[in-house]
Amino acid sequence: LRVHAGDMRVAYRESICSAVRRTSTHASQLKEGGEVRIEIEVRPLDLADGAGAAPQEGPQEAAAVQHAASEAVRSALTRRELGHLLDGMRGAAAYGDLLGFPLHAARAEVSSVTAPRGTSPEAIGGAAAEALSQAVAAASPVLLEPVMRVEVQTAEQHLGAVLSELTGARRGSVEKLLTPSDALRQTVLARAPLAAMVGYASALRSLTAGEASLSMEFSHYARVEPAVQQQLLLQMRGYV
């Protein structure tokens, strides 16, 4: 068994900031020419309403994006054409505009489809995929990052150093401090981006002389801060 080890990869997602409605045209792939014309609207879903929750892995992950077709479109297309239309949208949602991460916390609806007679369902699906990709690119795409729920237990004399590290280099926010009756150990409850927590266990041991304990679990997805996003874009595109 050959194993290739590398740096940990964070499961980023992409979303959009604004609602966009646009009409796009695509080649019908017929010998006599013609175009498939699709009107589509995309809009962001509120991350605070549960859209930032952990997406399912595998084929179910597309559920993080709502795909829909208007009643007019459903009436005009055959079942097979409608299936390819929705499949094309799901396929496009698997690759975001910024770095190719899956789209998350967004809704896309096709309100109109016009195609020459004889256009194949596959061509309609391809046109829907292109239309969604173009709409997402025009809707102010942003990166989302996984945020972790963090619990640290530490002796009181190390509390200041732990809080400083969490809220500084780790970009975290402290939600609660719990003090047991004996007051010998403090429990810190916080949330912090997963990307910033890489290597934190080792740093925590150094800060507390190995006396602290740490646990983390996934909490939700949140927008990446603009300055951090810009640095990520440059880094992942190979500019730095």
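1. The buried side of α2. In this predicted model, the buried residues of helix α2 are E81, L82, L85, L86, G88, M89, A92 and A93. Viewed down the axis of α2, these buried residues fall within an arc of 150 degrees, so they line one face of the helix. The arc is taken from the directions that run from the helix axis to the C-beta atoms. Buried here means under 20% relative accessible area, exposed means over 50%, and partly exposed is in between (1.4 Å probe, protein chains only). Helices (H or I, at least four residues) and strands (E, at least two) are DSSP runs, numbered from the N terminus.

2. Ground rules. Residues are numbered from 1 along each chain as its sequence is written, and side-chain values use heavy atoms, with hydrogens and water left out. Because this is a predicted model, local features need pLDDT of at least 70 and side-chain atom pairs count only at pLDDT 80 or more, while totals for chains, interfaces and linings use all residues.

3. What α2 packs against, and its length. The buried residues of α2 pack against β3, β4 (65–69), α1 (71–76), β5 and α3 (121–137); contact means heavy atoms within 4.5 Å. On the other side of α2, R79 and R80 are exposed. The helix also passes a simple geometry check: at 1.5 Å a residue, its 15 residues should span 21 Å, and its end C-alpha atoms are 21 Å apart, which agrees. The expected span is 1.5 Å times one less than the number of residues.

4. Side chains of opposite charge can pair when their charged atoms come close. The structure holds nine salt bridges, each being a side-chain nitrogen of Lys or Arg within 4 Å of a carboxyl oxygen of Asp or Glu. One of them joins D87 and R90, at 2.8 Å from N to O. Both residues lie in α2 (residues 79–93), three residues apart, about one turn of the helix. An α-helix has 3.6 residues a turn, so residues three or four places apart point the same way. D87 is partly exposed at 46% relative accessibility, and R90 is partly exposed at 35%.

5. Salt bridges between strands. Which residue forms a salt bridge with R149? The partner is E217, with the closest N and O atoms 2.8 Å apart. E217 lies in strand β9 (residues 213–223) and R149 in strand β6 (residues 141–155), so the pair ties together parts that are 68 residues apart in sequence. E217 is partly exposed at 43%, and R149 is partly exposed at 33%. R191 and E175 form another salt bridge, their closest N and O atoms being 2.5 Å apart. With R191 in strand β8 (residues 185–193) and E175 in strand β7 (residues 173–178), this pair ties together parts that are 16 residues apart in sequence, so it too links two strands. R191 is partly exposed at 21%, as is E175 at 46%. Salt bridges that share partners also join R21, E39 and E41 into one network.

6. Strands around β3. Strand β2 (residues 20–27) pairs with strand β3 (residues 35–44) in the antiparallel sense, over eight bridges; two strands pair if DSSP finds at least two bridges between them. E39 in β3 is the bridge partner of T23. Eight bridges also join β3 to strand β5 (residues 106–114), again running antiparallel. E41 stands opposite E109 in β5.

7. E145, buried or exposed? E145 is buried, with a relative accessible area of 4%, and lies in strand β6. The side chains of E145 and R171 make a polar contact of 3.1 Å. A polar contact is a pair of N or O atoms within 3.5 Å; within protein, one must be able to donate a hydrogen and the other to accept it, and residues adjacent in sequence count only if both atoms are side-chain atoms. Leaving aside neighbours within four places in sequence, E145 is in contact with Y12, R171, P193, A195, H220, Y221, A222 and V224.

8. Backbone angles to look at. Q29 has a positive phi of about 70 degrees although it is not a glycine. Q29 sits in the loop between β2 and β3 and is exposed at 65% relative accessibility. A209, also not a glycine, has a positive phi of about 55 degrees. A209 is in the loop between α6 and β9 and is exposed, with a relative accessible area of 60%.
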